[in-house]
Amino acid sequence: MNTLETLVDDIYEAAAIPELWPGVLERLAAVARADAATILSVDRDGYGRYAATPSYELAYGDFIANGRAHANVRFGRGLELFPAAFSTDLELCSPAELAADPIYVDFVHPHGFAWTAGTAIPTPTGDLIVFDLARRMGSDPFERAAMARLDSYRPHLARAALLSHRLGLKSASNQAAALQLVGLPCAVLGRGGRVLALNQMFEDLAPRIAFTAFDGLRFDDPEVDSLVSAAIADLRYEARPVLRSIPVRSTETGSALVVHLVPIRRSAGDVFTRAEGLVVVTPVTMPEAPLTHILTGLFDLTPAEAKVARGIASGLNVESLAGTLNLSPATVRNQLNAVLSKTGTRRQAELTLLLSATRPMPEKAG
C-alpha cells in the first residue's frame, strides 16, 4: 500500500479508537512538514475536547485552559475563503494581524511556534471540528503546496473526526457502548452490507430507512438508496473514489439528513466485531448555517470543485461563475462535471436540489 492508503487507514482506525489520534496527527504533520498538530472538537455549547501530538500538548493544553476567551478570526475566514480545504495563517491574516493576534502573542509564540495552518469542519448538527498544525520558530511559513497535500486527506479526516467527536475522543470498550456513546443514528455493517447492530435512534428513522431481506438497508429516496448501496459495496476498497457522505432531503415530517459511511480499519474491528463499516446519520439541525458550506465539504470535492458547487447552488450559471472565479467557461464546465460525478447527479438542476437538502421532497403519488 502507498503512503496515502496507509495514512487513510490510520485515520479511519482512529475514528473508532480516538487514543490513536496523536500518532495519526504525527503522520499528518509530516505531510505538511509541520512540527505539531492537533484535532479540536467543539460542541454547540462551546465545550471543547482535543488530542495533540506530544510536541503540541503543552501549547494546546495552555490554550484550552486559559485562552478560550480569545476569538480566532481564522476559523470564519478559512470557511469563507477556503471551503473544504486547509489554509495557512498568512492566507487568512496579514503579518501585522498575526503579530497583534492575542492567540499568537499569548500561546503560539511563547511555546516556541511561529506559524500555523489548519481547517475548520462544520457539522450538520452545529458542532465544529478543527485540525490545526504548527511550525516552530526559525521555520519558513506554510506554503500552498503543503495545504494541497493535506487536502487529499480532508474528506477522510472529516468523517473520522465526526465519529471521534461523537465518542468524546474516548474509546468505547465494545460495540454496544460505542453505539450508545455516538448519540446519533448509527448502524454497524458486516460483509455485503448486512446490518450487524444498530441503536434505537437508527430504528426510529423508519420509514425513511427500512430493512430488506438478509438484513440489508433500503432508503425510501431511490437516488439516495442507489448512492448508499454503491458506497456500501466498496467500503473495503478505501483507495476507490467513492462518495461516502450523502445528503437526504427533508420531508414534511422529518429534517434533512446526511448519511456518512465510515470504513472500519485494523484494530477498530476489536470494538466493532466482524464489521466492515458504520452508517452514521446526522440530522441537519442548524438551518441558520449555509447548508452548502457544510455539504460541499462532505462530498470529497477539491477546493476548486467546492467553489463551483456552491456557485451553482446559489443560482449562477457556468458563464457567470467563470467570471466570478476568473476562470474560463471550459475550466468551470470540467470542474462541474467532476462535481456531478462525485455527487451522483446528472444535471445542474439536480445538483442544486441536492445541495438544497432542507427543501422537502415532493409528495409521492398515491
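Two strands count as a pair when DSSP finds at least two bridges between them. With that in hand, welcome to this predicted model. The protein chain has 17 helices and twelve strands, and buried residues account for 55% of its 366 residues. Of the contacts in the protein chain between residues at least 6 apart in sequence, 61% link residues at least 24 apart.

**Strand β6 and its two partners**

- Strand β6 (residues 186–189) pairs with strand β12 (residues 277–283) in the antiparallel sense, over four bridges.
- β6 is also joined to strand β7 (residues 195–198), again antiparallel, by three bridges.
- Val188 is a handy place to start looking: its bridge partner in β12 is Leu278, and Ala197 stands opposite Val188 in β7.
- Along β6, Cys186 and Val188 point one way while Ala187 and Leu189 point the other, and all of them are buried.
- Five residues lie between the strands in the β6–β7 hairpin, where Gly192 has a positive phi near 75°.

**Strand β5 between β1 and β4**

- β5 (128–136) is mostly covered, with eight of its nine residues buried.
- Strand β1 (residues 36–42) runs antiparallel to β5 and is joined to it by seven bridges; one point to look at is Thr38, whose bridge partner in β5 is Asp132.
- β4 and β5 are antiparallel too, with nine bridges between them, and Thr119 stands opposite Phe131 of β5.
- The hairpin of β4 and β5 has five residues between the strands, and Gly126 there adopts a positive phi near 90°.

**Nonpolar cores**

- The largest nonpolar core holds 52 residues, and the members that touch the most others are Trp21, Phe131, Leu133 and Phe272.
- Helix α1 (residues 3–16) supplies the largest share of this core, seven residues.
- Leaving aside residues up to four places away in sequence, Trp21 touches Ile11, Ala14, Ile39, Ala51, Phe131, Leu157, Ala160, Ala161, Ser164 and Leu169.
- Another core, of 22 residues, lies apart from the largest one and includes Phe82, Leu98, Leu128 and Val130.
- As background, nonpolar side chains tend to be buried together in soluble globular proteins.

**Cavities**

- Four cavities of 30 Å³ or more are found in the structure, and the largest cavity contains about 390 Å³ of space.
- The lining of the largest cavity is made of 28 residues, with Asn72, Arg74, Phe75, Thr116 and Asp132 lying nearest its centre.
- Elements giving two or more residues to that lining are α3 (54–66), α4 (73–81), β3 (87–88), α5 (89–92), α7 (102–108), β4 (113–122) and β5 (128–136).
- The biggest contribution to the lining of the largest cavity is from β4, with six residues.
- Sorted by class, the lining of the largest cavity has 17 nonpolar, seven polar and four charged residues.

**Helix α14**

- Helix α14 (residues 303–313) is largely enclosed by the rest of the structure, because eight of its eleven residues are buried.
- Those buried residues are Glu305, Ala306, Val308, Ala309, Arg310, Gly311, Ile312 and Ala313.
- After α14 comes Gly315, which has a positive phi near 105°.

Terms used
Residues numbered from 1 in each chain as written. Predicted model: local features only at pLDDT ≥ 70, side-chain atom pairs only at ≥ 80, totals over all residues. Heavy atoms only, no water. Buried < 20%, exposed > 50% of the residue type's maximum accessible area, 1.4 Å probe, protein only. 1 Å grid on protein atoms, 1.4 Å probe; cavity = no way out; pocket = protein on both sides within 12 Å on 5 of 7 lines; lining within 4 Å. Points joined across faces, edges and corners; volume = space filled by probe spheres on them. Nonpolar A, V, L, I, M, F, W, Y, C, P; charged D, E, K, R; others polar. Core = buried A, V, L, I, M, F, W, Y, C linked by side-chain atoms within 4.5 Å. Contact = heavy atoms within 4.5 Å.
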